[in-house]
Protein chains: 2
Amino acid sequence: MKNAEGTTRSWAAWAVAGALILGSAAAIPAADRTRDLMPAPAKISAADGMFRVTDTFYVAGEGETSARARNAAARFMFRLSGRTGLFLKQDFLLSQAPGDAVSLAYACERAGKLEPNEDESYKLAVGPGRISLTAKTDLGVLRGLETLLQLLSSDGEGYYFPCVEVQDAPRFTWRGLMIDSGRHFMPVDMVKRTLDGMAAVKLNVLHWHLTEDQGFRVECKTFPKLHRLGSDGFYYTQDQIRGVIAYAAERGIRVMPEFDIPGHSTSWFAAYPEYASGPGPYTIERKFGIFSPAFDPTEERTYRFFDGFLKEMADLFPDPYLHIGGDEVEGGEWKANPKVQAFMKRNSIPDNQALQASFNKRILQILTRYGKKMVGWDEVFQPGMPTNIIIQSWRGQESLVESARKGYQGLLSNGYYIDLCQPAWEHYVNDPLPENSPLTDEEKKLILGGEATMWAELVTPETVDSRIWPRTAAIAERFWSPQSVKDVADMYRRMNIVSLQLEEHGLRHISYQAMMLRRLSGKGCTAALKTLADVTEPLKRYTRHEQATYTFLSPYTRFVDACLPESIMARDFRASVDQFLRTKDKALADEIKASLVRWRDNAKDLAPVIAGAPALAEVAPLSEALTLAAGTGLRALELVVAGGTTDLPWADKALQTLAAAKKPAAHAELAILPAVEALVKAAVRM
Amino acid sequence: MKNAEGTTRSWAAWAVAGALILGSAAAIPAADRTRDLMPAPAKISAADGMFRVTDTFYVAGEGETSARARNAAARFMFRLSGRTGLFLKQDFLLSQAPGDAVSLAYACERAGKLEPNEDESYKLAVGPGRISLTAKTDLGVLRGLETLLQLLSSDGEGYYFPCVEVQDAPRFTWRGLMIDSGRHFMPVDMVKRTLDGMAAVKLNVLHWHLTEDQGFRVECKTFPKLHRLGSDGFYYTQDQIRGVIAYAAERGIRVMPEFDIPGHSTSWFAAYPEYASGPGPYTIERKFGIFSPAFDPTEERTYRFFDGFLKEMADLFPDPYLHIGGDEVEGGEWKANPKVQAFMKRNSIPDNQALQASFNKRILQILTRYGKKMVGWDEVFQPGMPTNIIIQSWRGQESLVESARKGYQGLLSNGYYIDLCQPAWEHYVNDPLPENSPLTDEEKKLILGGEATMWAELVTPETVDSRIWPRTAAIAERFWSPQSVKDVADMYRRMNIVSLQLEEHGLRHISYQAMMLRRLSGKGCTAALKTLADVTEPLKRYTRHEQATYTFLSPYTRFVDACLPESIMARDFRASVDQFLRTKDKALADEIKASLVRWRDNAKDLAPVIAGAPALAEVAPLSEALTLAAGTGLRALELVVAGGTTDLPWADKALQTLAAAKKPAAHAELAILPAVEALVKAAVRM
């Protein structure tokens, strides 16, 4: 699912909408209905008044609660104390007993089950004297506590919760994030802090991509060579996996493992070449892409192997679902193997797709035997597969619609590929069930939700947070909130707030940048470097792979890795330019000028830093391009302010300058160029 | 060992030396002998030339190496690639085979044992065509690889290693850092990144303080109520502990557990009150201090309990040593218990010290049975204890000398209490074996080394890195390098370089600050807040406890927690002032003036930030004091430049202003006041 053609196609259509949306950012007032909540709740109504937070704030469970709810309430109190600096008097770890002095009372009828379609609804009522949070299941309590924390506000007197009533429930029951531990191993603490972030924005499925050509990441007792020979030593022990599952369960999050077969499996064959379709020998794949090694679907020993393997994994992972991947089977080994070809002829299997379908049916039998339901990428949707499997679509809406019409449950991931470094709004406007969906109401029920996918070719534990957050919060809102919540400007406003809050879980999506720039500069002098990084973005989609052959061993510590996927500064600058061009506001012109002057003059501060750090040499062209582009923008701004110019040769030259500045360098690109181009075009008076 | 009186006493003596040292900082040239290495090696000689680092850099083991050395070499390559941005061509995970194209060849005779007095020496020779690293044990290879990475340099053409010969070995065999997981639980990833930092500065013992009044942090299978009822759920599973031990062993670091008995043990009694000397009931202690609960040393069941407990722990922790704490037994429960008093009378035990000694002897028998040697704090040094135990001194040099004279091995921790927020130089000038030591050469051999101690009353996983690093690098140098390496200014120069390098292990001692300030401000506008934080330090020693009653549940997210233990900016400012007062250099005066103006004017930028964030209200007095102090400094500077003043009333008033500015606020204090005071005093012409 790496060649996201569907995404590319729909991107062109969005580009237009996006430009409009971007332009309107400054014009839209803060939507009171959503306050600072993300995801926005289904229903919220504000009342006058507030609940003032002091050090006597007391949380209590009423009636039958659950250990999970109590623990979540304790974490809520730690976070409340952390944000307010209050020395809370309650020993919320020892006692959450009900009583007269209760500030926040929570209640639920039962513990929620960690499976699709479980009730996650809650009702939150903040009154001036008491806050009440009620839910059918403790999962609802967890979701409501996150909402309440996001409501924390302050005034001159201190902190408070505004009086509101919230009635909330998710739009989709499957709200996932996929972590790819195969291509780059992600240590347990990365997974845990990601789970905390997921809980904060009400995601409920961690889809854990655990095996790849580049690595087999799970301790396997039945076939121990898998992790011993297939992982370079980078794997999770079963105790660590149980720890992650327990940590997720405490946060109301399911953990669904993925073992990608029959392709994407070179690392398995480094351990057990006898199950491959080719002659071998195999070594762990270092490069990224699509490779030919695939399991031999014609041998019974292959299925005996999977019987043993999946039995153990079904036991290790309690989730009712298990993902078998199934994507991008290149087929080269099958084609080259006469035995496989003979098998196909003998069994009237016309092509590789059908061969994979026969393989999948055998795997499905095994999974069923061990009590698991099957999930797979688009390719598992093949004639003859029973409809009790779930199709995860990386190809796009059409394939999702097609499979739903045939009765399959589906998940949308196309459009949520957060590794591609697209801006948040592109993901945000992508809907698992768009308003114009051709599906019937019955068919619509088959669309369970979606998943953001953090493919890990180009990330390490050091940088991965910055690729997940905060953009995944926008996707989480798409999965949770009503379809009608779609104001992009307000989404960005709230996403920036949530982004700061996410840091309390140890997420490093903001703080990693300064650290990387310090290391790159070698000296800690990073102001000029940051000025450049703030308006630079990594190359989008898969174009970075055209610049160099990345492997598991490559450095992901370069300038491009320190650049955020979406430059908020460039976005704000574009909004200012658009507004200025509409209004010709003088103060805005001054603001734009100040930014452009700073960018134009940055190169002279940056030059000595680059000279002192060879790893930064590749950044010099970007720095020069910024100077030229900003200089062009300054001249264009002058001309606009002066009423425009008829000097078309100047405009041509200016646009050529900008076109030259677009040239990627250091695997990155300047993000302010479209805004400067808009200035240049606006400067021309016909 | 919390009432570090010894430290307080010696501090006064150092203050004078410190002032001299501080003043000379700018005058001392970078010591070429140590280059940027920390700890400085025993012997280094430079030659002309360099080894140029390109993407063909190739590492290989020669002869019999070890898996540990190979893994360390692989990590070296990851880090080299990370620092240089080079796409190294070698697959250093798959092959480190010797051959013609080898850049770095390492060799060792055998795997080192993880115990005191093992050989950690190495010889590193960087030639223009080849780098050779040889050692007796693989531990030496590990240490040498760290040295080599610290030698990485750059020029206009790229990265290189300068040609040098290093012959190195540690001065002390026991170079430890104690982590206190009892008072605040520290998750596994904190322990692991700390181990990486330790390895980088050649520390070799993690002393893991695992139990306290506030928490019992180890899964115990023999007595499972210990972790279930004694930890609030914050404990390490045995698999996690094994993981930490393996991680440490890969880095050549021993892990010595501490179970602090018979005092400091309230959390044990929350699980098993029957082993206490008091009637109970007990709950986990929330506050910090010295408490009366203590094991009942008069009951045989107590020793049966410890037999089972220590048997299990001796098995879990492979280190030959086990630390039994033994400090600060308050004695209240013993005094109040008639049965204990009768036991003492019956057995002619004169006092609590003797009673504890009898307890320790029984524990020693158990430890001996299970193959462990005993370590304890000062208090275990009691008449009649055999000399095969190790005394760890928190009380000071005298107690260390006294025990050495009686034949006990010793470790110095007094003077290395990094939780006290002292400046690095105070630890640096503290020597386990000072030049004027009264010990004989034979007795000196009993001093094995020392340990920095990170007591955890006031730290959380979020802030703890900033209390450990980079100051512990200075302590590590004291333990490793020759006694003659003691240039404080050069130590600071190198410590600041190493500090940046330590970030590559995910240590957050620098990056956490901006994150905390963002959270405190609530908005991400942190420039003015950082200006204040840069010249503010947490209250030193235990004075923070006088300002509020801190507990396990308190917030450690306030401004004081975002302030670094030692303000490098204040230190540099002081050096500039001292140099200016000596030289009356005009450029320095301008620099000092610019700093003072910035500090004086900061309050007006900070005021709206404070007004918008109630958690910052407590900071206002500090901000105002900074304005007043900086204003006073500006006037004093003017007067010094003008040749001084005879206006004594002005000077009196200025000093009063500074005295008022010294008043702690927000549990913190301004660090620039002594420098401003020096300016004021210099302005007075008698």
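User: What is meant by the buried area of two parts?

Analyst: Buried area is the accessible area that two parts lose on being put together, summed over both. The size of an interface is often given in this way. In this predicted model, chain B and chain A bury about 4,000 Å² between them, and 62% of that area is on carbon and sulfur atoms.

User: Which residues of chain B lose the most area to chain A?

Analyst: They are F87(B), R518(B) and L553(B), which together account for 16% of what the chain B side buries. Counted by contacts, 52 residues of chain B touch 52 residues of chain A.

User: How many salt bridges and polar contacts are found between chain B and chain A?

Analyst: The rule finds 4 salt bridges across this interface. In one salt bridge, the side chain of R286(B) meets that of D91(A), at 2.6 Å from N to O.

User: Which elements of chain B supply at least two residues of the side that touches chain A?

Analyst: Helices α2 (67-84), α4 (188-200), α6 (238-250) and α18 (511-521) do, as do strands β6 (153-155) and β7 (158-168). The largest share comes from α2(B), with 5 residues. By class, the side of chain B that touches chain A is made up of 19 nonpolar, 17 polar and 16 charged residues.

User: How is a pair of aromatic rings described?

Analyst: Two values are used: the distance of the centres and the angle of the planes. Over all chains, the structure holds 76 aromatic pairs. One of them is F295(B) with F305(B), with ring centres 6.1 Å apart and planes at 25°. Planes under 30 degrees apart count as stacked, so this pair is stacked.

User: Where do F295(B) and F305(B) lie, and are they buried or exposed?

Analyst: F295(B) is in the loop between α7 (266-271) and α8 (300-316) of chain B, while F305(B) is in helix α8 itself, so the pair ties together parts 10 residues apart in sequence. Both residues are buried.

User: Why is the pair of Y417(B) and W455(B) called tilted?

Analyst: Their planes stand at 55°, with the ring centres 6.2 Å apart, so the pair is tilted. The angle falls between the limits of 30 degrees for stacked and 60 for edge-to-face.

User: Which parts of chain B does the pair of Y417(B) and W455(B) tie together?

Analyst: Y417(B) lies in the loop between β16 (409-412) and α13 (424-428), and W455(B) in the loop between β17 (447-454) and α15 (464-468), so the pair joins parts that are 38 residues apart in sequence. Y417(B) counts as buried at 0% relative accessibility, and W455(B) counts as buried at 1%.

Methods. Residues numbered from 1 in each chain as written. Chains lettered and ligands numbered in written order. Predicted model: local features only at pLDDT ≥ 70, side-chain atom pairs only at ≥ 80, totals over all residues. Heavy atoms only, no water. Contact = heavy atoms within 4.5 Å. Buried area = accessible area lost by both parts, 1.4 Å probe. Helix = DSSP H or I, 4+ residues; strand = E, 2+ residues; numbered from the N terminus. Nonpolar A, V, L, I, M, F, W, Y, C, P; charged D, E, K, R; others polar. Phe/Tyr/Trp six-rings, centres within 6.5 Å; stacked < 30°, edge-to-face > 60°. Buried < 20%, exposed > 50% of the residue type's maximum accessible area, 1.4 Å probe, protein only.
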